[in-house]
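Please examine the sequence and the model shown below. The paragraphs that follow lead through the fold, the core, the charged pairs and a pocket.

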Amino acid sequence: MAQADDDRRRLIDHTTRALSSARMAWRQAQPSRQQPAVFPARTTLNRAVELLSHALFPGRIGGFAGDSASEDRFVAERLDAAFALLDEAIRAEFAYWQDVAGIAFAADKPAEILRLFAGTLSRVRALIDTDVAAIFRGDPAARSVDEILICYPGAVAILHHRLAHELDSLGVPIVARIVSEIANERTGIDFIPGRRSGRASSSTMVPAW
């Protein structure tokens with residue numbers, strides 16, 4: 001057992017040194033960047049979208065059960081946590097562009113983007129309701145709109161895309177792309193965040209799903 005442990009430590013040491021050499025080679029090829037650039041974290045955005053999904057659909061996706069006053073508190077708590085994570089991701093994107101392209105941003109820009117994004121959420125909710133209704137009308141196998149929202153990969157992809165599109169429109173394309181790619185990974189459905197999406201119709205939405 002001791003020999004096996006020693007062999008593993010040597011293997012780890014060798015691999016660590018090899019990876020260090022690979023990192024240094026990459027960084028030396030980019031002399032203007034001495035340290036790794038800050039980048040929005042995928043895990044942060046995955047959790048943010050989960051919380052936003054709960055806020056948009058507290059009963060069906062968030063698992064809420066209670067009266068309307070309690071529901072509002074539930075939504076407010078999810079929004080508070082989601083906005084904190086989004087603020088972190090937006091600031092990371094701005095730091096990234098500052099590092100790699102020398103683009104300067106006003107200190108209050110992330111807060112402005114977050115405020116504008118919050119203002120889109122009621123419209124996003126209405127659009128997703130329309131999307132789900134269109135799928136239901138076009139799919140004879142669907143038994144309810146709730147089944148579609150909770151179970152259909154297309155509904156998951158649309159929810160992510162609606163959020164990603166708003167973020168892209170507000171000037172955070174990396175954050176938007178990560179949100180879109182999270183859906184692509186989960187569903188195999190790929191949307192370009194910058195693509196404009198109007199209200200759905202059963203004839204245009206259902207066949208792709």
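Is Arg 177 buried, partly exposed or exposed? With a relative accessible area of 34%, Arg 177 is partly exposed; here buried means under 20% relative accessible area, exposed means over 50%, and partly exposed lies in between, with a 1.4 Å probe and protein chains only. The model is a predicted one, in which local features need pLDDT of at least 70 and side-chain atom pairs count only at pLDDT 80 or more, while totals for chains, interfaces and linings use all residues. Residues are numbered from 1 along each chain as its sequence is written, and side-chain values use heavy atoms, with hydrogens and water left out.

Consider next the overall fold. The protein chain has eight helices and zero strands, where helices (H or I, at least four residues) and strands (E, at least two) are DSSP runs numbered from the N terminus. Of its 209 residues, 38% count as buried. A contact means heavy atoms within 4.5 Å. Among contacts in the protein chain with a separation of 6 or more, 69% are accounted for by residues 24 or more positions apart.

Arg 177 belongs to helix α7. Leaving aside neighbours within four places in sequence, Arg 177 is in contact with Asp 190, Phe 191, Ile 192 and Pro 193. From Arg 177 to His 165 the distance is 9.0 Å, C-alpha to C-alpha, and the two are twelve residues apart in sequence. A contrasting case is His 54, found in helix α2. His 54 is buried, with a relative accessible area of 13%. Not counting residues up to four places away in sequence, His 54 touches Ile 61, Gly 62, Phe 74 and Arg 78.

The interior may be considered next. In soluble globular proteins, nonpolar side chains tend to be buried together. A nonpolar core is a set of buried Ala, Val, Leu, Ile, Met, Phe, Trp, Tyr and Cys residues joined through side-chain atoms within 4.5 Å. The largest such core in this model has 42 residues, and those with the most contacts inside it are Leu 45, Ile 128 and Leu 163. The elements that give two or more residues to this core are α2, α3, α4, α5 (145-151), α6 and α7 (173-187). Helix α4 provides the largest share, eight residues. Leu 45 touches Pro 40, Leu 86, Ala 89, Val 175, Ile 178, Val 179 and Ile 182, when residues up to four places away in sequence are not counted.

Side chains of opposite charge can pair when their charged atoms come close. A salt bridge is a side-chain nitrogen of Lys or Arg within 4 Å of a carboxyl oxygen of Asp or Glu, and by this rule the count comes to 15 salt bridges. One of them links Asp 129 with Arg 60, the closest N and O atoms being 3.9 Å apart. Asp 129 lies in helix α4 (residues 109-138) and Arg 60 in the loop between α2 (42-56) and α3 (68-101), so the pair ties together parts that are 69 residues apart in sequence. Asp 129 is partly exposed at 31% relative accessible area, and Arg 60 is partly exposed at 27%.

A second pair, Glu 166 and Arg 123, meets in a salt bridge of 3.1 Å, N to O. Because Glu 166 lies in helix α6 (residues 153-169) and Arg 123 in helix α4, this pair ties together parts that are 43 residues apart in sequence. Glu 166 is buried, with a relative accessible area of 8%, whereas Arg 123 is partly exposed at 42%. Salt bridges that share partners also join Arg 60, Arg 125, Asp 129 and Asp 146 into one network.

Lys 109 forms a salt bridge with Glu 112, with the closest N and O atoms 3.7 Å apart. The largest pocket has a volume of about 270 Å³, the space filled by probe spheres set on the points, which are joined across faces, edges and corners. Of its 16 lining residues, the closest to the centre are Glu 50, Ser 53, Ile 61, His 160 and Arg 186. Helix α2 gives the most to this lining, with six residues.

Note on methods: 1 Å grid on protein atoms, 1.4 Å probe; cavity = no way out; pocket = protein on both sides within 12 Å on 5 of 7 lines; lining within 4 Å.
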